[in-house]
Amino acid sequence: MNKAITEGLQLMPPAFTDGLDVWSSGDGTPGSDTYDGAANAVFVAADADFGGCLELQKTANTQKLRFMGQTPLEPGCYLQIKARVKAVSGALPSVRIAGWAAQSNGSHIGGVTEAAPQTALAAYGDVVEVTGIVGSGSRGGVDMPWGRSAGYGHFGLDLTGANGGVVRIDDIEITDITSAFLRDMLSLVDVTDYGAVGNGSTDCTAAFEAADAAADGRRILVPAGEFYLDSTVSLGSEAVFEGTVSMPDNKMLLLTKNFDFPSYAAAFGNEELGFKKAFQALINNADHESLDLMGRKITVTGPIDMQAAVPNKNSYATRRIIRNGQLEAASSAAWDTDSVTSKATYSASDAKKLTDVAKIASIKVGSLVEGAGVGREIYVKSKNTGAGELTLSGALYDAEGTQNFTFRDFKYLVDFSGFSSLSKFGLEGIEFQCNGRCSALRLAPSGSVFAIDSCFISRPKDRGITSIGSGCQGILVDNCQFLSDEDPLDVEDRVSIGLNVNNNDAKLRSNRATRFRHFAILAGGNNTVTGNHFFQGDSVPNGVRTAGLVLASNNCTSTVSDNYIDNCFIEWTNERDATPDFTSGFSFSALSVTANVFLSGDVAPWFSYIVIKPYGSGHFLNGLSVSGNKFRSLNGSIDRAERVDTSFSDLDFGRSKHVVFAGNMFHNVSIQSANPLRVRHDQSSASSSWSVKADGALPFQGYARYVDSVVPHGPIRTSGNSNRYSMPYAEVQQGAGKDQIRLRWQEAVKGEVQVLLRMDS
């Protein structure tokens, strides 16, 4: 690039033969003395080396020669001033290129270098060429960096050293050598041309902004060096980083033109820091709704506190997405779980509080709570250190009084728990490669519609996705892979959990989970669990199995459909009830289990695919539909597909309502439950009282409470084989298990009937 050509700038000063009235013995400013008629200067028309030249005697300590014309200097333009000099007689001086720096308004620019290095003249008659380069940026090879405020200069040379000597000076040349510094001026604007200094301490904010303003569609180059930015900088042009930037944590770099992770990683020279600063920019409206990791892997050495990366935001509720990359946990002690055992008091009257908590300052928000009477996946949602109180994500079912609790703070690759609320945030196509060192993702204490799509939760140490409060409201988990780190362990030895949800409206769709202790624990209502495949078996003969899906709300209002539930089961509990005995409400209600494939192998005969576990007395079924499912056991039969876990209490089957258990298929399941249940009874000897048994085939071994129909198969006869056409009446809930009915006839008769029994009203 040459501004003299491209923009017609006049750079060359006139030859000495045109007169000495434009050559100053001072700074070259208007009104300064010239060499026209001076006693120590004369034009020599013929010289063997130079042709026409200026002969000048040194009479001042610094003998100046300056062109009085204004040689223009623009940001990004570099000029070379060249002079050929030889000593003629007298003392031998030194010579250097020099100039006077001016702003565009004519005022002097102080504090800048205005002279190039000097060269000593060693012998008479030897021609010495001296040069100096001036420009706006402090670059290698630039002798006089004047900054972006420079408008023009008065250029020439200085003679220094002993006085009295005579020298001859050829015509001074000024040329544009910008191309020697900038590789492609048509596409790059270098921040150093606008005053940026890559020393790691000088504030380059203004220089970056000036370069961005001048780019006009071109790229901005940040060359080698560390450039400190003390303020937030927003760049509207694409930035190319050969060097790096540094800035305070609360200041932002907004790369609006090339907003992606590789650009931030290059900008900050560190993958973790680049990810944090890119997220900071995303949340602060960097003109993009998503951050693309561009398929890059980010090696992470410790938990990423996402809120700490955005210190100016405590909550956020505008749609934002992070997509397309991998976060991998490196070996580090930073992943170690913090554990605190502390005494605290619990009262069911304030169901989500622990009070009088000892060591509360050491207990972290987001810690798992463990202790007697504490259900699964109860976390510390918030704390009030001054009051000694912890707010929990759910109620405790049997922890009244004071006891020791253990609080375990798992460490997560990505941790949003520092936000008070986060809504409408999403992760797409991200692999959380935990390597058995850490957990994957912890949500904010509150918020809604967190979306996780097509992600891999690979080998989490403790948890895949953790909700510590209500930040899981309306969560969407779709097309994800949950890959356990405990694959080689027997079921009973596994402790990791794929995910938990505390609030309503969770959607788990088309996911796959391998050999966790539990795939999902859902404590809210209105859930949709569909199209998932989760499996949890091992090779132990007659082995135990754990629940794949735990529904920890008795009135769950949920649909579980079209899943492949492999070597695990659905467990339905009320472990989040502070008063687990039934007193009011709907009890175990509003669950639909439809069109799932249930498969198991090498399990104990008492294993079942659907297990209800009441944590208190008085509960009953009040809306359950189990239909169109396929139940199959391999390598041995199981007793039944469904059962009640009576560890705490049984169900009250005298109150069962709205139970449908129909259209299911059973293979290697001894008792094939149904409701309504069709029973064929053959009475071979005449009797007026027929006992018709359900034989435990009503769901969950419920009571035979109603008879929908009694249909004879063939004639009803007396002992003498006379036909009778009377109908019996039914007595229900007969026998020790109340799963029999008694048909009362007008007289002793015999025959075969089909009876349709119901366990519900």
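This report describes a strand, a serine and a pocket in a predicted model.

## Strand β53 and its partners

Strand β53, which covers residues 597-601, has four of its five residues buried, so this strand is largely enclosed by the rest of the structure. Strand β50, made of residues 564-566, runs parallel to β53 and is joined to it by three bridges, and within this pairing D566 has L599 of β53 as its bridge partner.

β53 also pairs with strand β56, residues 630-634, again in the parallel sense and over five bridges. In β56, the residue that stands opposite G601 is L634.

S439 belongs to strand β36, which spans residues 439-442. With a relative accessible area of 0%, S439 falls under the 20% cut-off and therefore counts as buried.

A polar atom of the S439 side chain lies 3.0 Å from the backbone nitrogen of R463. When neighbours within four places in sequence are left aside, the residues in contact with S439 are F410, K411, Y412, L413, C434, P460, K461, D462 and R463.

## The largest pocket

The largest pocket has a volume of about 480 Å³. Its lining is made up of 28 residues, and those nearest the centre of the pocket are R376, I497, R517, H518 and E575. The elements giving two or more residues to this lining are β29 (368-370), β45 (518-522), β51 (569-573) and β54 (610-613), with the largest share, three residues, coming from β29.

Sorted by class, the lining of the largest pocket holds twelve nonpolar residues, twelve charged residues and four polar residues.

Definitions and conventions
Residues numbered from 1 in each chain as written. Predicted model: local features only at pLDDT ≥ 70, side-chain atom pairs only at ≥ 80, totals over all residues. Heavy atoms only, no water. Buried < 20%, exposed > 50% of the residue type's maximum accessible area, 1.4 Å probe, protein only. Pairing = 2+ DSSP bridges. Polar contact = N/O pair within 3.5 Å; in protein donor to acceptor, adjacent residues only side chain to side chain. Contact = heavy atoms within 4.5 Å. 1 Å grid on protein atoms, 1.4 Å probe; cavity = no way out; pocket = protein on both sides within 12 Å on 5 of 7 lines; lining within 4 Å. Points joined across faces, edges and corners; volume = space filled by probe spheres on them. Nonpolar A, V, L, I, M, F, W, Y, C, P; charged D, E, K, R; others polar.
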